[in-house]
Every structure is written in structure tokens, then in C-alpha cells.
Amino acid sequence: MSAELSPIDTAKSIAAKYAVQFVEDGMRVGLGTGSTSAWMVRYLGERVQQEGLNIVGVPTSRRTAVLAQEAGLRIATLDEAKWLDITIDGTDEYDAELTLIKGGGGALLHEKIVASASDRMIVIADHSKSVAHLGAFPLPIEVIPFGLQTTRAMVEAMLDGMDVLGWEAVLRTIDDQPFVTDQGNHIIDLHLKRIGDPRHLALALNQVPGVVENGLFIDICDMVISGHGDGRIEVTDLSDGTLKEVQVDVGQDANIFADI
Ligand SMILES: O=C[C@H](O)[C@H](O)[C@H](O)COP(=O)(O)O
């Protein structure tokens, strides 16, 4: 049974559909996590089945591993694949320099390792993720369970001296229990409102003992493919050192997966 997609799902799905065109036969592909990446995994599975593409996918989370197997993709660990040709992943925010905030789904650590081990990272998003200044979306940091509250207090104290508008650090919970990442750690969401200097902040956060990684992706993303609910796509490409934007109308035929 096929259903009409909402504008936001149309935006996500057309960005994902456009992105999988960049995957070529023989590639090792990093598979992102989240609702937009889920579309990408499905479209990649469709290409594998229809075109007989020989690719291997490296999932960034257990959730994505399950989706990839359901889509008929061959998967491997990062250590088995060693280095990747391309990673396609979603984002929570991106700015004009293609700096990202990621980790809304708690997968930021594996996502950052996988994207950093890739020749190219393509981000797929609906256009609402585009921001002039990062920070409206709470910045996730992954912290180890030991000394959790002490780590949180140290992070808040450090944020007090940073170029941000707020510095509340909130432990992420699910069903009143701390959220647990695939790595067995927890997530603290930093409500900063506006991040003035992402590079400085990212370095400072990773120096706090107990912090494993932060959700700022700096100089990692090469291209953002951003979908609109009316079927338009904008591509911002940094791979040749310049920003360029193109408009591609791929229509709204993405609802072939609406019944999945
Ligand atoms: O941890 C989750 C990831 O960073 C996601 O890629 C991010 O939260 C975007 O997710 P969605 O595509 O569902 O908006």
C-alpha cells in the first residue's frame, strides 16, 4: 500500500535518492544513521538489486546495520573495510561552511569515525537543517558512564568561558533512564543556543576527561544535498574548494517506499 509522503519526508527522500547516484560499483560505503539515512539505505538496496552493484556498506549504528541487511546490502565492519570511498549520512544542522551538528540519534561517535575514514562525506538533509549559525539544535557529546555527573559539571564550567549564548548540559534519557549509545556510553546535550567558534569549542570539549567525542563535524563534510518538500534539491559542494549551488528537480516519485 502506497501513501502520500509528507513534505518533510519528500525532502529527505529526494535528497537520499539523489545522493545514492554518487555510489559506484566496487565502492566501500559508510552508511549513516537516522531517518534521512534510512531512505538512503533503502535506495542503495534498490540500486544493488536492480543494477547488480557490488558494494559493501559499513553501518554507523546497530539500527542502520539492521536496515542495511533488510535492504539486501552486504555489510562489513570499518576494520574489515579499512578505508571507505564515500560516506552518506544525515545531519541535525549545517552551516555555509558545511560544519555540522550531528548526534540527535546518538550515533555521533561511530559516525565521526566512519566519515573521517572516508575519501568523501556527503550529507543529506531536508532544508530546515540549514542554519546561519550553529547551536539552536542542542550539541550532543558522548561521555563515559564513570563520573558522569562530574564530567557534566566540568563541561558546564568550561562552557561558561566559551563564545556561546547558553551553557546548560542535559543528560539525555529514554524512559527515565540514561540513553545508552552503541558503545555503552551516555549522551549529554549542550543547550548553547548559538555557537560562535565551533572549532575552539570542539577542541575544548574533547579535552574534558570523560568526554569521548562531540557532535561538531568540522572539515569532514564535502557536500550537502538538501531537499525541499516541493521536490527541489540544492547541492552545496566543497570538494573543489568552492561553494556552488545547483537546483535539480527530481520530482516527487520518492514515495515508492512509502509503504515500507
Ligand atoms: O545520531 C544521529 C545522526 O547524527 C543523524 O544523522 C542525525 O541526528 C540526523 O537524523 P535525521 O536524518 O533523522 O534528522
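Lys-102 places a polar side-chain atom 2.9 Å from a ligand oxygen atom, and for Asp-89 the corresponding distance to an oxygen atom of the ligand is 3.4 Å. The protein covers 91% of the 370 Å² of accessible area that the ligand has on its own, with areas taken from the Shrake-Rupley method and a 1.4 Å probe.

## The shell around the ligand

Around the ligand there are 16 residues, of which Thr-33, Ser-35, Thr-36, Glu-111 and Lys-129 come nearest; a residue counts as near if one of its heavy atoms lies within 4 Å. By class, this shell has one nonpolar, ten polar and five charged residues, where Asp, Glu, Lys and Arg count as charged, Ala, Val, Leu, Ile, Met, Phe, Trp, Tyr, Cys and Pro as nonpolar, and the others, Gly among them, as polar.

## Aromatic pairs

A search of the whole structure finds two aromatic pairs, defined by ring centres within 6.5 Å, with planes under 30 degrees apart counted as stacked, over 60 as edge-to-face and the rest as tilted; for Trp the six-membered ring is used. The rings of Tyr-18 and Phe-22 are edge-to-face, because their planes stand at 70°, with centres 6.0 Å apart. Trp-39 and Tyr-43 form a stacked pair, at 6.3 Å centre to centre and 25° between the planes.

## Basis of the values

Residues are numbered from 1 along each chain as its sequence is written, and side-chain values use heavy atoms, leaving out hydrogens and water. Because the model is predicted, local features need pLDDT of at least 70 and side-chain atom pairs count only at pLDDT 80 or more, whereas totals for chains, interfaces and linings use all residues.

Technical notes. A polar contact is a pair of N or O atoms within 3.5 Å; within protein, one must be able to donate a hydrogen and the other to accept it, and residues adjacent in sequence count only if both atoms are side-chain atoms.
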